[in-house]
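Hi,

Here is the structure I promised to pass on. Please open it alongside this email; my notes follow below.

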Amino acid sequence: MEKAVIDRIEESWAVLLVGESGRVVNAPRSSLPRRAREGQWLLVELEGDEVISAVVDREETERARKRIEGKLERLRRGEHQK
């Protein structure tokens with residue numbers, strides 16, 4: 001299993017960024033969990049560029065959400081200008 005983030009969803013396709021290298025994989029939306037959405041992290045099993053299985057990685061998705069919230073809060077406070 002590899003970690004992947006859903007970069008974007010375009011009609012019936014999802015663009016995944018897989019692993020630390022961010023390898024781009026285009027996957028049919030039907031190969032992802034039913035309520036998967038952009039920005040969510042997944043644990044995927046791939047065969048080449050084909051998604052064999054995918055489940056939402058709730059812990060990684062939550063970590064990413066908190067990291068982004070922290071960055072936005074620092075921007076709002078103007079800390080990026082120091």
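**Sheet, helix and salt bridges**

Strand S1 pairs with strand S2 (residues 13–18) through six bridges, and the two run antiparallel. Bear in mind throughout that this is a predicted model.

Start with the turn between these two strands. The hairpin of S1 and S2 has two residues between the strands. Glu11 sits there, in the loop between S1 and S2. Its phi is near 55 degrees, a positive value in a residue other than glycine. Glu11 counts as exposed, because its relative accessibility is 78% and the cut-off for exposed is over 50%.

Now the other neighbour of S1. Strand S1 covers residues 2–10 and is joined to strand S4, residues 41–47, by four bridges. This pair also runs antiparallel.

- Glu2 has Val44 as its bridge partner in S4.
- Val5 stands opposite Trp41 in S4. In S2, the bridge partner of Val5 is Leu17.

Next, the whole sheet. Five strands make up an open sheet, in the order S3-S2-S1-S4-S5, with antiparallel pairing. Which strands stand at the edges? They are S3 (23–28) and S5 (50–56). Each has a single partner strand, so one side of each is left without a neighbour in the sheet. On average, neighbouring strands are turned by 40 degrees against each other, direction ignored. As a reminder, strands of a sheet pair through backbone hydrogen bonds, either parallel or antiparallel.

What does helix H1 touch in the sheet? H1 packs on the sheet and touches S1, S4 and S5. The direction of H1 makes about 130 degrees with that of S4.

One more loop deserves a look. Glu20 lies in the loop between S2 and S3. At 88% relative accessibility, Glu20 counts as exposed. Glu20 and Glu2 are 18 residues apart in sequence. In space, their C-alpha atoms are 9.4 Å apart.

**Charged pairs**

How many salt bridges does the structure hold? The count is 11.

Take Lys3 and Glu60. They form a salt bridge, with the closest N and O atoms 3.0 Å apart. Lys3 lies in strand S1 and Glu60 in helix H1, so the pair ties together parts that are 57 residues apart in sequence. Are the two partners buried or exposed? Lys3 is partly exposed, with a relative accessible area of 35%. Glu60 is buried, at 13%. The cut-off for buried is under 20%.

Then look at Glu62 and Arg65. The closest N and O atoms of this salt bridge are 2.3 Å apart. Both residues are in helix H1, three residues apart, which means they are separated by about one helical turn. Glu62 is partly exposed, at 31% relative accessibility. Arg65 is partly exposed too, at 37%.

Arg8 counts as partly exposed, with 36% relative accessibility. Asp7 is also partly exposed, with a relative accessible area of 35%.

**A nonpolar patch**

Ile68, Leu72 and Leu75 make a nonpolar surface patch of about 270 Å². Ile68 lies in helix H1, which covers residues 58–76.

1. The five strands, in the order S3-S2-S1-S4-S5.
2. Helix H1, where it packs on the sheet.
3. The salt bridge of Lys3 with Glu60.
4. The patch made by Ile68, Leu72 and Leu75.

Best wishes

Terms used. Residues are numbered from 1 along each chain as its sequence is written. This is a predicted model: local features need pLDDT of at least 70, side-chain atom pairs count only at pLDDT 80 or more; totals for chains, interfaces and linings use all residues. Side-chain values use heavy atoms; hydrogens and water are left out. Patches are made of residues with over 30% relative accessible area and no salt bridge: like charges are joined within 9 Å, nonpolar side chains (Val, Leu, Ile, Met, Phe, Trp, Tyr) within 5 Å. Accessible areas come from the Shrake-Rupley method with a 1.4 Å probe; for residues, only the protein chains shown count as cover. A salt bridge is a side-chain nitrogen of Lys or Arg within 4 Å of a carboxyl oxygen of Asp or Glu. Two strands pair if DSSP finds at least two bridges between them. Axes are lines fitted to C-alpha atoms, for helices over the stretch in contact, and angles run from 0 to 180 degrees between N-to-C directions. Contact means heavy atoms within 4.5 Å. Buried means under 20% relative accessible area, exposed over 50%, partly exposed in between (1.4 Å probe, protein chains only).
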